[in-house]
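Please keep the sequence and the model in view while reading.

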Amino acid sequence: MSEHQEHLTLIVVADETSPMRRVRFRRVTLLRAAVGAGLVLLATLALFADYTRLRIERPEVAALRAQTAIQEEELVELQERVRSLHGSLDEL
């Protein structure tokens, strides 16, 4: 087999009674298909890693949301107290 072949031939033998089929592929086409499959695999792995990271961080995010809700309530109460003090100082 020479290094400069432009085509590869795949011989398909289904069974003894069926005729043998030959399928020719250009090397460039096979190379492009392999690169495309590699890119799809890489993208799938990246998406899986991101999904896994999100699943791991989910409890922490829930806890932070609960903490934020509590702090927002405390902030509203504090703003009301400041307004009340401001009103008292204006009266003096």
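Being three residues apart in helix 1 (residues 27–91), Asp50 and Arg53 are separated by about one helical turn; helices here are DSSP runs of H or I with at least four residues, strands are runs of E with at least two, and both are numbered from the N terminus. This is a predicted model, in which local features need pLDDT of at least 70 and side-chain atom pairs count only at pLDDT 80 or more, while totals for chains, interfaces and linings use all residues. Residues are numbered from 1 along each chain as its sequence is written, and side-chain values use heavy atoms, with hydrogens and water left out.

Side chains of opposite charge can pair when their charged atoms come close. Asp50 forms a salt bridge with Arg53, with 2.6 Å between the closest N and O atoms, where a salt bridge is a side-chain nitrogen of Lys or Arg within 4 Å of a carboxyl oxygen of Asp or Glu. Arg53 is also bridged by Glu57, the closest N and O atoms being 3.2 Å apart, and these two residues, four apart in helix 1, are again separated by about one helical turn. Asp50 counts as partly exposed because its relative accessibility is 34%, a class that lies between buried (under 20% relative accessible area) and exposed (over 50%), computed with a 1.4 Å probe and protein chains only. Arg53, at 39%, is partly exposed, and so is Glu57, at 32%.

How is the rest of the chain arranged? Its secondary structure comes to one helix and two strands, which follow the pattern β-β-α along the sequence. The radius of gyration is 34 Å, well over the 12 Å that the globule rule gives for 92 residues, so the chain is more spread out than a compact globule; the radius is taken over C-alpha atoms, and the rule is 2.2 Å times the number of residues to the power 0.38. Along its principal axes the C-alpha trace spans about 105 × 30 × 15 Å, and buried residues make up 0% of the 92 residues.

Strand 1 (residues 7–12) and strand 2 (residues 21–26) run antiparallel and are joined by six bridges, where pairing requires that DSSP finds at least two bridges between two strands. His7 stands opposite Arg26 in strand 2, and strand 2 is hardly covered, the count of buried residues among its six residues being zero.

Leu10, which lies in strand 1, is partly exposed at 44% relative accessibility. Together with Val12, Phe25 and Leu30, Leu10 forms a nonpolar surface patch with about 290 Å² of accessible area. Patches are made of residues with over 30% relative accessible area and no salt bridge, like charges being joined within 9 Å and nonpolar side chains (Val, Leu, Ile, Met, Phe, Trp, Tyr) within 5 Å; areas come from the Shrake-Rupley method with a 1.4 Å probe, and for residues only the protein chains shown count as cover.

As for confidence, pLDDT is the predictor's confidence in each residue, from 0 to 100. The chain averages a pLDDT of 91, and 96% of the residues score at least 70; among its elements, strand 1 has the lowest mean (88) and helix 1 the highest (95).
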